Amino acid sequence: MTNKMLKFTDLSKETPFKEDSKTRISNFNEIYKEFINDKAKSQASRCSQCGTPFCQVHCPLHNNIPDWLKMTAEGRLEEAYNLSASTNNMPEVCGSICPQDRLCEGNCVIEQSGHGTVTIGAVEKFLTNNAWENNWVKPVKPTSELKETIGIIGAGPAGLAAAEQLRKKGYQITVYDRYDRSGGLLIYGIPNFKLEKDIVLRRVKYLEDSKIKIINNFEVGKNATLKELKEKHDAILIATGVYKSREIEIPGSNLKNIYPAMEFLTASNKKGLGDKVENFDNGNLNCEGKNVVVIGGGDTAMDCVRTAIRQKAKKVSCLYRRDKENMPGSAREVTNAEEEGIEFVWLSSPKLFKGTDKVEEVLINKMKLGDPDASGRRSPEVIEGKEETIKADIVIKALGFDAENIPKLFEEPGLEITKWGTIKTDLKTLKTNIKGVFAAGDIVRGASLVVWAIRDGRDAAEGISNYLESKKNKTIAA
Ligand SMILES: Cc1cc2nc3c(=O)[nH]c(=O)nc-3n(C[C@H](O)[C@H](O)[C@H](O)COP(=O)(O)OP(=O)(O)OC[C@H]3O[C@@H](n4cnc5c(N)ncnc54)[C@H](O)[C@@H]3O)c2cc1C
Ligand code: SF4
C-alpha cells in the first residue's frame, strides 16, 4: 500500500468552513461547519506520524491521535472512531470546544516546522459525528452485572465520564443533578454557537440507554444529605463543578440590571432549548436594543459578549483590566468576538456603577501594566486621575467562579477542602478523606476545561473500582 501519510509538504492546512460574522450573529448556530469525509481524510494524511507525538503527550486524555489520524487517512473510519472513543468519553465535544491551540494542535510538530498544524480537533469531531450517523455508537453492555451501586453527584462531563467508565465495568450507577437537564456547563453554560445542545442531549440519551439512571431536579444538600446518599450506595463521587461567581465590590453594585454571567448564559441557553424563562421574557435578561457591558477577559466573558450580540444588543463592550496579550481567554474566541463587532475596552477596570434605580453608566479606571504576577501575566495598576465613563443598560459580571461551601451544603463538616474551597483528594485515586467518597472535575481543580473534567472522571472511576474491589477481597479473605 502506498504511504497515505506525511502529506504536509504537498497539502496545506485547511480548517472547516467558518460562517461569516454577519450571518453568525443573526442566529445561535454553531459557527464552524463540519469536515466532509474526503477533507477529513486528506487533512488527516498531513500527519507526520512522529515517534514522540507531542500532540498526544499534551492531550490531558493522551488520546492516540497519530494512530486515529492514520486510520482516518486510510478510510478505516469505524476503527478510527473506536480508538478515539477508547480514551475519550465525549470526543465530539472535545473536537468542538477544546482549546486545541493550547493543547494538541499547539504542540503539533509540523506546526513547529512552519507547515501549519494538523487540524486534529476538526478530524476528531468529524470521526465521532460520522460514527453516530452510521450507528456505530452502541449503548454500553457490560459483560457481567455487578451488584454494587455508585451514586454520582453532578451530571457534568466529570460525572458523566465516570458514570460511563463504571457502567462499562458492570456497576449500577445513579447520577443526581440539581438541574432539570443533564450536561452541566455543557448544557447551560457554554452557548449553542460553540456547542450545539443536540450533541449534549444525544450523549445523555446514550448514557441512559446504557442503563445509567439519571435523576434530575435532585439537589444534594436539599433533597438529601451526603450521609443519606452514602447509606444508599457503595461509593459516592462528588462532581458538582464550581458555581459561586466572583463579585465586584464597588459602589453601585446593588443597582438593578447587574447580573452574574451564569444567570445570563443559563437564561439564554434555556430560551434556545424552548423553555419559558421569566426574567428573560420580561426583558430583564434580554439584551435586545441595549448597551451591554461585560466585565472580564476569560472564556466566560467571551461567551457573554457573543451571546449579547446575537440577542441584538445595540452595543456590546468588554472591559478588561489588562491588554489583549495578557488575556486569560482563548485567542480563537477573542478573534471570533472581535469579528462579530464586540468593542474591547482594554486596560480598564470598573470603579463605580452609576444610576438611580437601574445601572445607567460605568465609571472606569484606566490601568497600566506592572510586573508579572504569580500567573506570569503582568499585573494591572490604576493610573491615578485617568477615568472614562461608558453607557450601560445591563452589566454582566464574568470574573470567574469559586467553589461553593460543599461541607456545609452537604452537611458533612469533616470533608476536607483546600484553601481555595475546592475538595481535597488524593491526586491519583481522587478519593477524599471520607471513606468511599471520591471527587472529580472543577470541584477538585477549580474552574478548568471539559477535557480535564473527563480525565478526572475516568481517573475517579478507576479509583472507585479499585476501592470496591479491595473491599470485596477483604470480605472474601475474612
Ligand atoms: C461559560 C463557560 C464556558 C466554557 N467554555 C469552555 C470551552 O469552550 N472549552 C472547555 O474545555 N471548557 C469550557 N468551560 C469549562 C468547562 O465547562 C468546565 O471545566 C466543565 O464543565 C467542568 O465539568 P464538571 O463536570 O466538573 O462540572 P459542571 O460541568 O459544572 O457540572 C456540574 C454539575 O453538578 C451539578 N450540581 C452542582 N451542585 C449540585 C448539588 N448540590 N446536587 C446535585 N447536583 C449538583 C450541576 O447542576 C452541574 O450539572 C466553560 C465554562 C463556562 C462557565
Ligand atoms: S504532533 Fe502533529 S504531526 Fe506529530 S503525530 Fe501529532 S498530529 Fe501528527
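I'll start with helix H13, residues 261-272, which lies across strands E6 and E13 and runs at about 80° to E6. Before I go on, please keep in mind that this is a predicted model.

Now the sheet under discussion. E6 and E13 belong to an open sheet of 5 strands, and the order is E6-E13-E7-E8-E9. The pairing in this sheet is parallel. The edges are strand E6, 258-260, and strand E9, 343-345; each has a single partner strand, so one side of each is left without a neighbour in the sheet. From one strand to the next, the twist averages 25°.

Strand E11, residues 361-372, is joined to E12 by 9 bridges, and the two run antiparallel. A pair to look at there is Ile-364, standing opposite Glu-388 in E12.

Next, the ligands. Which domains give residues to the shell around ligand 1? Both domain 2, 149-242 plus 403-477, and domain 3, 249-398, do, so ligand 1 lies between them. There are 35 residues around ligand 1, and those that come nearest are Gly-154, Gly-156, Gly-184, Gly-241 and Gly-441. The elements giving two or more residues to this shell are helix H9 at 157-168, helix H15 at 299-310 and helix H19 at 450-477. Sorted by class, the shell around ligand 1 has 17 nonpolar, 11 polar and 7 charged residues.

For ligand 2, the shell holds 14 residues, and Cys-47, Cys-50, Cys-55, Pro-66 and Cys-108 come nearest. Helix H3, 54-57, helix H4, 65-73, and helix H7, 109-112, are the elements that give two or more residues to it. How many charged residues are in the shell around ligand 2? None; the shell divides into 12 nonpolar and 2 polar residues.

Last, two backbone angles. Glu-411 has a positive phi, near 55°, and its place is in the loop between helix H17, 406-409, and strand E15, 437-439. Leu-430 is found in the loop between H17 and E15 as well, and its phi is also positive, near 60°.

Is each of these two buried, exposed or partly exposed? Glu-411 has 14 other C-beta atoms within 10 Å, so it counts as partly exposed. The cut-off for buried is 20 or more such atoms. Leu-430 has 27 other C-beta atoms within 10 Å, and is therefore buried.

Terms used
Residues are numbered from 1 along each chain as its sequence is written. Chains are lettered from A and ligands numbered from 1 in the order in which they are written. This is a predicted model: local features need pLDDT of at least 70, side-chain atom pairs count only at pLDDT 80 or more; totals for chains, interfaces and linings use all residues. Two strands pair if DSSP finds at least two bridges between them. Helices (H or I, at least four residues) and strands (E, at least two) are DSSP runs, numbered from the N terminus. Axes are lines fitted to C-alpha atoms, for helices over the stretch in contact, and angles run from 0 to 180 degrees between N-to-C directions. Two residues are in contact if their C-beta atoms, placed from the backbone, lie within 7 Å. A residue is near a molecule or strand if its C-beta atom, placed from the backbone, lies within 6 Å of it. Ala, Val, Leu, Ile, Met, Phe, Trp, Tyr, Cys and Pro count as nonpolar, Asp, Glu, Lys and Arg as charged, and the others, Gly among them, as polar. Domain bounds come from an automatic or database domain assignment. A residue is buried if 20 or more other C-beta atoms lie within 10 Å of its own, exposed if 12 or fewer, and partly exposed in between; C-beta atoms are placed from the backbone.
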